[in-house]
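Student: I have a model open and want to learn how to read its side-chain packing. Where do we start?

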Amino acid sequence: MRILVTGAAGFLGSHFADSYLSQGHEVLGVDNFYTGHRSNINHLLNNPNFEMLRHDITQPLIVEVDAIANFACPASPIQYQRHPVQTIKTSILGITNMLGLAKRLNIKILQASTSEVYGDPDISPQVETYWGNVNPIGIRACYDEGKRAAETIMFDYHRQYGTQIKIARIFNTYGPRMSLNDGRVVTNFIGQALRGQPITIYGDGSQSRSFCYVDDLINGLSALFDSPKEVLGPINIGNPKEFTILQLAEIVKQLTNSNSEIVLNPLPSDDPKQRKPDITKANTVLGWNPTVELRDGLVKTIDYLRTQI
Ligand SMILES: NC(=O)c1ccc[n+]([C@@H]2O[C@H](COP(=O)([O-])OP(=O)(O)OC[C@H]3O[C@@H](n4cnc5c(N)ncnc54)[C@H](O)[C@@H]3O)[C@@H](O)[C@H]2O)c1
């Protein structure tokens, strides 16, 4: 297959490209380098099966490919809130352009959706049938409502034109190639611990998150991408093991041998109190389960981020 990977210079897109290139497929990477980095794809530039195109997916794109994986979208709050209009345009116009291409070529398309479609959930763990609790006019709405609308457009293309769609709802993922300054909790804590700065927690640290190591995540996404055409999703892909933010801070401090103190700051608005995927569907439909323990994944992430400081 020749696979169009949008957001290929980003964290997840570059790992997804690596995975399919290593299986002998061709990859056409597309990115506008808004949050992506050349360093994430440098190792691919001499690969004859890899091609990179600078392009913004809010604009139409006509290329010949056999499948599409749509990762393009800033993913961390400080990045998606910096240009909220561009963020929601990327989600809505971007996926519409990609679906138009998928329809024209009659090919499958994978959408990197997010656990943020559940908003600040009233139930835990979150199962795919839960419709979410999202503030449509809040500061996170450009991202979570954008992703919700993208899922709607995916299903409308499927129902109206029979387009082969696959939707993954990705939960917090971490690993090498995350950007040090992306404001996500794992990179914040590791960066602060490695620099000997205070480790800042927003709120009292009792809010919980689940963290999925990138290799596990890519295995889950690939299982969905390669699944029979009847499997549309949405399917949660994430690690259901829950940790409080305070626990994460303590583990990071220990693994980095840091003397940083842990300090508490006010909680930003619309910050979800809990996030934990129900992955029964991924397990039964795709036969997928995450296997990497948080401490093991964090060691690899710390090794990578140390090289970035
Ligand atoms: N990392 C996570 O924990 C996580 C969780 C849930 C969902 N996701 C989703 O996965 C996808 C990838 O996330 P990531 O963590 O790799 O983020 P990232 O910021 O590292 O990668 C996103 C990439 O998309 C590119 N991009 C942004 N807008 C674009 C546009 N209009 N046109 C072309 N390229 C554009 C960026 O330059 C970047 O390279 C996103 O869609 C995100 O919503 C990620």
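Tutor: Start with contact. Two residues are in contact when heavy atoms lie within 4.5 Å. Keep in mind that this is a predicted model.

Student: Which residues does Ser 258 touch, not counting residues up to four places away in sequence?

Tutor: Ser 258 touches Ala 193 and Lys 253 on that count. Ser 258 itself lies in the loop between α7 (245-255) and β13 (262-265).

Student: Is Ser 258 buried or exposed?

Tutor: Buried means under 20% relative accessible area. Ser 258 has 11% relative accessibility, so it counts as buried. Its side chain also makes a polar contact with the side chain of Ser 260, at 2.9 Å.

Student: Now the rings. How do I read an aromatic pair?

Tutor: Look at the distance between centres, then at the angle between planes. Ring centres must lie within 6.5 Å, and planes over 60 degrees apart count as edge-to-face. By this rule there are 9 aromatic pairs. One of them is Phe 16 with Phe 225, edge-to-face, 5.4 Å centre to centre with 75° between the planes.

Student: Where do Phe 16 and Phe 225 sit in the chain?

Tutor: Phe 16 is in helix α1 (residues 11-22) and Phe 225 is in helix α6 (residues 214-225). They are 209 residues apart, so the pair links distant parts of the chain. Phe 16 is buried at 0% relative accessibility. Phe 225 is buried too, with a relative accessible area of 0%.

Student: Why is the pair of Tyr 20 and Phe 225 edge-to-face?

Tutor: Their ring centres are 5.4 Å apart and their planes are at 80°, so the pair is edge-to-face. This pair also links distant parts of the chain, with Tyr 20 in helix α1 and Phe 225 in helix α6, 205 residues apart. Phe 16, Tyr 20, Phe 71 and Phe 225 form one aromatic cluster.

Student: What about charges over rings?

Tutor: Check the charged end against the ring centre. The charged end of Arg 38 sits over the ring of Phe 33, 5.2 Å from its centre. Lys 103 lies over the face of Tyr 161, at 4.3 Å from the ring centre.

Student: And the nonpolar core?

Tutor: In soluble globular proteins, nonpolar side chains tend to be buried together. Here the largest nonpolar core has 58 residues, and Phe 16, Phe 71 and Leu 298 touch the most other members. Beyond four places in sequence, the contacts of Phe 71 include Val 5, Leu 12, Phe 16, Leu 110 and Leu 221. A second, separate core of 25 residues includes Ile 57, Leu 105, Phe 155 and Ile 165.

Conventions:
Residues are numbered from 1 along each chain as its sequence is written. This is a predicted model: local features need pLDDT of at least 70, side-chain atom pairs count only at pLDDT 80 or more; totals for chains, interfaces and linings use all residues. Side-chain values use heavy atoms; hydrogens and water are left out. Rings of Phe, Tyr and Trp (its six-membered ring) pair if their centres lie within 6.5 Å; planes under 30 degrees apart count as stacked, over 60 as edge-to-face and the rest as tilted. Helices (H or I, at least four residues) and strands (E, at least two) are DSSP runs, numbered from the N terminus. Buried means under 20% relative accessible area, exposed over 50%, partly exposed in between (1.4 Å probe, protein chains only). A charge sits over a ring if NZ of Lys or CZ of Arg is within 6 Å of the ring centre and within 35 degrees of the ring normal. A nonpolar core is a set of buried Ala, Val, Leu, Ile, Met, Phe, Trp, Tyr and Cys residues joined through side-chain atoms within 4.5 Å. A polar contact is a pair of N or O atoms within 3.5 Å; within protein, one must be able to donate a hydrogen and the other to accept it, and residues adjacent in sequence count only if both atoms are side-chain atoms.
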